[in-house]
Amino acid sequence: MRYFDTIQEVQITQDSLTRARTFAEQVTPTVNYADTHQANRHKVRHDHFVSKVGEEAVKTIFEKLNHRVRGPDYTIYAGKGKSWEADLFIDDVQLAVKTQTAEAGKRFELSWTFQLGPYRRDPILNQPEAWVCFVEYDEPKNLCRVFPPFQIKELTFEAPKLERLQKVKIAVYARTLSLPKGV
């Protein structure tokens, strides 16, 4: 699955932004993040938008490398019907995508979180062989930096910077990712 080993940059198309924005607006009323103490609907909507932008960026990279990509999934699932299926499938191999904005990365250190709470837990954490791509999204430039895929077993997990998230999430920091020298 590691078809590239350096960070790739992707300019996000207007079509991708529109799809992501529409999805975020439609999904926000259907979710409840009380377990992570997130009641700010604007932030929830923005987080969903950023997630889909990251998925679109990763899709673009793999398609440019001539791989068959299925996803992102823009289905709105009701209540407990939320899908925990992989974000993308690359040649039928599951790939999770985690995205953080460059702005948040400056405030909290560039990192990506996984659900690790008593009510919601990312199933991928139980799959050491599973693959994940990390993305940094620079909103003002509409530019994504896509990190090469990593397997869960290769990652170093640490507590998130925000204390209120430390009981419900776990983080991977960019500084811990093994990339070729000079990246």
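I count two residues as in contact when they have heavy atoms within 4.5 Å. The model I am working from is a predicted one.

**Entry: Val146**

I looked up what Val146 touches, leaving out residues up to four places away in sequence. Its contacts include Phe4, Thr6, Ile7, Gln8 and Val10. I also find Ala57, Val58 and Ile61 on the list, along with Cys133, Phe134 and Val135.

**Entry: the cores**

I then asked which members of the largest nonpolar core touch the most other members. They are Val58, Phe62 and Val146, in a core of 25 residues. I noted the elements that give two or more residues to this core: helix 1, helix 2, strand 3 (88–90), strand 4 (93–101), strand 6 and strand 7 (143–146). Helix 2 gives the most, with 7 residues. I also find a second, separate core of 18 residues, and Ile124, Ile152, Ile170 and Val172 are among its members. In soluble globular proteins, nonpolar side chains tend to be buried together.

**Entry: helix 1**

I turned to helix 1, which runs over residues 14–27 and has 14 residues. From first C-alpha to last it reaches 20 Å, close to the 20 Å expected at 1.5 Å a residue. I listed its buried residues as Ser16, Leu17, Ala20, Phe23, Ala24 and Val27. Seen down the helix axis, these buried residues fall within an arc of 135 degrees, so they line one face of helix 1. On the face turned away from the buried side I find the exposed residues Gln14 and Asp15. What covers the buried residues of helix 1? I find that the cover includes helix 2 (41–64) and strand 6 (131–138).

Methods. Residues are numbered from 1 along each chain as its sequence is written. This is a predicted model: local features need pLDDT of at least 70, side-chain atom pairs count only at pLDDT 80 or more; totals for chains, interfaces and linings use all residues. Side-chain values use heavy atoms; hydrogens and water are left out. Helices (H or I, at least four residues) and strands (E, at least two) are DSSP runs, numbered from the N terminus. The expected span of a helix is 1.5 Å times one less than its number of residues. Buried means under 20% relative accessible area, exposed over 50%, partly exposed in between (1.4 Å probe, protein chains only). The arc is that of the directions from the helix axis to the C-beta atoms. A nonpolar core is a set of buried Ala, Val, Leu, Ile, Met, Phe, Trp, Tyr and Cys residues joined through side-chain atoms within 4.5 Å.
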